[in-house]
Amino acid sequence: MRLLVLLKVAMKSIFKNKMRSFLTSLGIIIGVCSVIVMVGVGQGSQQKIEDSISSLGTNLILVFPNYMRQQGVSSGRSGRESLKPEDPAYLEANGKYILAASGSIRTGGQIIGGVGNWNTSIEGVSASYLIIKSWSMESGSFFTQRDDDTKKKVCVIGKTIAEELYPDMEPVGQRLRIRNKPFTIIGVLAEKGENSMGNDQDDIILAPTKTVLTRLRGRDFLNQIYVSATSEDDLAAAQAEVTELLRLKHKLDYGEADDFIVRTQTEITDMASATSKTLTLLLAAIAGVSLVVGGIGIMNIMLVSVTERTREIGIRLAIGARGKDVLRQFLYEAITLSLTGGILGILLAAGISSILNHFTEINALINPQIVIVAVLFSAAVGIFFGYYPARKAAQLNPIDALRYE
Amino acid sequence: MKKVIDMRGVVKNYQMGEMEVHALRGIDLEINAGEFVAIMGASGSGKSTLMNIIGCLDELSEGEYYLDGEDIRDLDADDFAAIRNRKIGFVFQSFNLLARTSALENVELPLLYNRQIKMHEARAKAAASLELVGLGDRIDHEPSQLSGGQQQRVALARALVNDPALILADEPTGNLDSKTSVEVMKLFQDLNDKGITIVLVTHEHDIAEYARRKVVLKDGHKIEDVILSKRRQAETDLSSWQGEDE
């Protein structure tokens, strides 16, 4: 029997049982749709993570204290103290590929000033922090190296704090108490909005590193160091240089392990997106299971259909259909069911994705590759789960089939 | 005369569980083109088995069978299907039309399995075949919209559509009332008058009387094979019926 005729016959029998065909396809529709949406959401969040990390700064290299010493023996808390307050200035002064370096020491607490009080995070950084982050000021100025060296009690506040505590006045020049220590506000940072994780990047106070270390934390080491390379091409060279200089500064012997970890922005992006890649894969796998379940639904209905239509098969065989004609007929029917389900699933996925993108914070991408894979997979499901019932139909004996009641 | 069926010493044995059933125990049968043969016998006589073998639905165990000059032994399933398609037109007791499918499409069905016929030809041939059985005005009707007699005519049109060497009818009047039965038999007689070979399997004596020749089976043997010199004319019966109605 010719392909066109077979397709017509398949379509006809599908339309004869509209409700049943729809419900059968529904398994595939849901399966394909969930694969596409799940993968889309996974890739969307991956994209967001990558974007947010690249927004951390330009040509950024991050240095963390190393928690572990050699041979898997943990250094414990003392390992965290490996980054010294002098390290950033040393890197900046001696690195050929290092544009700027800033320490970072984080703390938090209640602040009082203006019209009330507020709980926020306070970060101690160097004067060059603004360059590294490519941030800008809305008003006032950023603190200088000298402010840092003299442990001056000055700070720069984010837009959120300016709005909360100083709604109707200019915050620059005002006094502010951070954990009961008086500070002078010398500038307000330009608004940066929420980052991809939904954190308000404007709810922050920046103060000189040494001021925070001595006046707020009372300790002598940094949480991390931000380094900006001179250019993107110099990133690898700068990374090597940071390692070299810090080993020198920390007086590490040859063969002794680094007491710090140097990561470029690319490496951090890769690490962060590795998690979300795994998550995407997991989501796709779960969705894939529903596609297989949909396939089993098709097989089930095709088996019922073959039994129900035993007489029809008998008639067809008697009037000259070959076994393979009957096989093809049922196989095409199964494929048509699953492929139609696949296409409807794609349309549904497109709809759901655009609803997610418009009305929620979730970002779902539609990946053309996944769409193609989903279509091929749904056709494969049709062939795989349609073959057994179709073969059962093709192997019927015409005499028995004609007598079947 | 050209032989449509040439059977010599045909034996058919079945295995039913542990028991071997000898359905046919050596049948010789020759049917020439243009004949109208009724095969009769009680149930268990082997007439259904013989019909299945004539219709290439079943293989024979022993003996020889030439259908339209072609040796039927040693053919595979696909060849069997092709022979059923081109050489035999089946008419069944329960019509066996596809439900929810128009008369035209039902008649067209055998042509779809015949690769030598193009699709637009198929449609025209199916319509012509329906015209031949007097249903030219009902081509779009589905089986459920047709009476039993009309359904059997559609089935007959389907049997005729591939210009077969032989029409093989299995109890074609079994599901019809007596008047409709006679109408269908008239159609068979008209077709036979046009030169179409018909083999009719029935257990009803009055239906067999419309044929030109009668073959009777019993316990797998042919016990009678006679030419009906005085065959019943369906047309005469019908007109007497109309007389009664009036």
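Here is a short chat about the structure above.

Me: What kind of model is this?
Reply: It's a predicted model, where local features need pLDDT of at least 70, side-chain atom pairs count only at pLDDT 80 or more, and totals for chains, interfaces and linings use all residues. Residues are numbered from 1 along each chain as its sequence is written, while chains are lettered from A and ligands numbered from 1 in the order written.

Me: OK, how many helices and strands does chain A have?
Reply: Chain A has 13 helices and 10 strands. Those are DSSP runs numbered from the N terminus, with helices (H or I) of at least four residues and strands (E) of at least two.

Me: Compact or spread out?
Reply: Chain A is more spread out than a compact globule, because its radius of gyration is 33 Å, well over the 22 Å that the globule rule gives for 405 residues. The radius is taken over C-alpha atoms, and the rule is 2.2 Å times the number of residues to the power 0.38.

Me: And what does the C-alpha trace of chain A span?
Reply: About 105 × 60 × 35 Å along its principal axes.

Me: Switching to chain B, what's the strand order in the open sheet of 4 strands?
Reply: The order is 2-1-4-5, with antiparallel pairing. Two strands pair if DSSP finds at least two bridges between them.

Me: Which strands stand at the edges?
Reply: Strand 2 (19-32) and strand 5 (70-71) of chain B do; each has a single partner strand, so one side of each is left without a neighbour in the sheet.

Me: How many bridges join strand 4 to strand 5 there?
Reply: 2 bridges join strand 4 (residues 62-67) of chain B to strand 5 of chain B. B:Tyr66 stands opposite B:Asp71 in strand 5 of chain B.
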